[in-house]
Amino acid sequence: MQSAYEPLPYGLIVLAEGLDPALDIVAVHGLNGHHEKTWTTNNVNWLRDLLPSDIPNARILSWGYDANTHSTSQISGQYLYDHARTLVSDLCLKRRLTRALIHSEAARRGALEEHRSIKLSTYGILFMGTPHQGGSGVHLGELMLKVASIFVTADDKILKHLERDSEWLQQQLGQYAPISNDFVTKFAYEMFPTRIALGKAIMIVPQASAFVPGATNAEPVAIAADHLNMVKFASRQNGGYEKVSGQLQLLAEEAPEAIGARWEEQDRIRKAPAKLKEDFTVPFSLSGIPETENFVGRKEELAKIKEAFQGDGSQRTVVLLHGLGGIGKTQLAVTFVKEHRDTYSAIFWLNGKNEDTLKQSFAVMANRLYKEHPSSALLRTAAEAKDVDQIVVLIRQWLSAKENHRWMLVFDKIDNPKLPGNEDPQAYDVRLYFPEANQGSILITTRSSRLKIGKVISVRKLVDIRESIAILTSTSGRVNLDRGIHIVVLVQGFYN
């Protein structure tokens with residue numbers, strides 16, 4: 001048992017300094033793990049005793065944190081989000097450079113600029129039996145009890161995050177997928193079931209759960225061991241060690257050059273000639289957006305939208321137009337931006353029918369921006385990028401610039417949002433495509449009554465017969481239709 005005076009096994013410890021190190025390898029244990037014991041068997045800690053000779057130019061570190069889910073003494077009071085932020089902070093202190101990764105992506109310039117550098121400097125990730133999609137169907141708290149068999153009290157704050165239907169877990173998966181192309185990812189999974197109580201065995205993290213859905217630049221790695229032993233290697237001859245070491249050697253060989261190129265690009269962007277006051281204006285255009293020539297009615301809804309967007313964009317405003325298909329949401333949005341085009345420095349229309357069309361809209365946006373501002377190094381990088389996920393990241397960065405807050409984004413047709421209970425693999429979370437900075441104006445159209453973002457304005461059927469007759473007049477080209485009793489009866493039929 002740990003004494004009251006023994007230092008807690010938390011934070012970063014250096015297992016191997018490396019010979020003229022060019023990269024860091026950081027090991028992070030899992031639930032109920034330990035920064036030493038997790039990686040040790042038969043008194044062999046493979047991170048300290050085996051790996052340094054295979055990758056001599058790497059500094060190897062292990063990070064410990066309070067991940068106890070069952071204990072008779074202390075219980076972790078931190079959520080996984082807090083642990084991730086602590087990991088980034090510890091790495092910054094250790095490295096002293098210029099979410100883990102998700103939270104590093106969210107860091108802004110200023111006090112947290114060094115946090116963002118961790119993501120920029122991360123080349124590869126090797127997940128070892130990580131339950132990205134939750135456990136195997138058994139409650140993880142119960143499973144941990146069966147595996148350990150000696151734990152008595154329990155605090156399942158962390159475990160609740162890792163249940164298969166955990167909303168928090170789905171949000172984390174949704175945040176990782178868009179940035180996954182920034183890293184080379186290896187997903188290692190156990191091949192053998194783990195023995196639990198009464199001689200039974202179960203796959204704690206099945207192969208399907210070990211992967212992040214939608215992750216790009218990724219590769220599976222099968223480890224011939226159960227969940228408890230897939231990260232413990234007693235010798236170089238262990239088949240699991242050969243695989244893990246081999247994968248790490250490949251990453252270590254590629255990482256220095258790739259990360260060096262990233263920082264060179266970052267420096268080039270920062271050193272680009274800056275104007276006294278950067279111009280963020282873009283001429284108004286709705287090219288390719290279908291619109292009616294004579295939009296009538298909807299004065300009440302237009303007034304509500306205008307009222308919601310009263311600010312100057314320095315604080316983000318989100319307005320959601322909800323209504324049935326064909327009710328006129330898109331045309332209402334088109335009419336609003338046309339009437340208020342002079343209020344905004346730039347207006348961009350994004351087709352959100354599905355995630356692919358949305359990303360392509362960002363690519364079109366990047367080309368349009370670069371044509372207007374060819375001196376911008378950031379926009380040139382976005383326009384020349386071949387990967388749409390990288391384009392999205394760069395455009396979100398441009399929209400987050402401190403003085404650039406008078407823009408409007410219109411996310412049209414967000415009809416299949418990623419929400420609890422929606423198992424459609426095509427569903428996605430539109431918020432992941434919002435700029436990082438809490439600024440600007442965002443208008444969303446959707447058929448989903450469950451999507452609740454910002455101020456919701458319902459778009460309903462027209463209730464004024466005169467407005468319906470005006471629409472009929474506009475589309476037919478005929479005049480004085482309101483004088484025909486048959487026309488009035490026809491229009492009234494739509495309200496019965």
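## Burial, strand pairing and helix packing

Student: Which residues of α11 are buried?

Tutor: In α11 the buried residues are Lys329, Thr330, Gln331, Leu332, Ala333, Val334, Thr335, Phe336 and Val337. Buried means under 20% relative accessible area, exposed over 50%, and partly exposed in between, with a 1.4 Å probe and protein chains only. This is a predicted model, where local features need pLDDT of at least 70 and side-chain atom pairs count only at pLDDT 80 or more, while totals for chains, interfaces and linings use all residues. Residues are numbered from 1 along each chain as its sequence is written, and side-chain values use heavy atoms, leaving out hydrogens and water.

Student: What makes helix α11 mostly covered?

Tutor: Nine of the 11 residues in α11 (329-339) are buried. The cover over these buried residues includes α10 (299-308), β11 (317-322), β12 (346-351), β13 (407-412) and β14 (441-446). As for the labels, helices (H or I, at least four residues) and strands (E, at least two) are DSSP runs, numbered from the N terminus.

Student: How do you know that β7 is largely enclosed by the rest of the structure?

Tutor: Seven of the seven residues of β7 are buried, so the strand is largely enclosed. Both faces are covered: Val184, Lys186, Ala188 and Glu190 are buried on one side, and Thr185, Phe187 and Tyr189 on the other.

Student: How do you know that β7 pairs with β10, and in what sense?

Tutor: Two strands pair if DSSP finds at least two bridges between them. Six bridges join β7 (184-190) to β10, and the two strands run parallel, so this meets the definition. Tyr189 stands opposite Ala222 in β10, and Phe187 opposite Pro220. Strand β6 also pairs with β7 in the parallel sense, over five bridges, with Met128 opposite Ala188 in β7.

Student: Why are β6 and β10 said to stand at the edges?

Tutor: The open sheet has three strands in the order β6-β7-β10, with parallel pairing. β6 (124-128) and β10 (218-223) each have a single partner strand, so one side of each lacks a neighbour in the sheet. From one strand to the next, the twist averages 20°.

Student: Which residues make the contact between α12 and α13?

Tutor: Ala366, Asn367, Leu369 and Tyr370 of α12 meet Leu379, Arg380, Ala382 and Ala383 of α13; contact means heavy atoms within 4.5 Å.

Student: What makes Asp20 exposed?

Tutor: Its relative accessible area is 71%, so Asp20 counts as exposed. Asp20 lies in the loop between β1 (11-16) and β2 (23-28). Its phi is near 50°, a positive value in a residue other than glycine.

Student: And how do you know that Asn42 is exposed?

Tutor: Asn42 has a relative accessible area of 64%, which makes this residue exposed. Asn42 sits in the loop between β3 (40-41) and β4 (44-45), and its phi is near 50°, again positive in a residue other than glycine.

Note on methods
Axes are lines fitted to C-alpha atoms, for helices over the stretch in contact, and angles run from 0 to 180 degrees between N-to-C directions.
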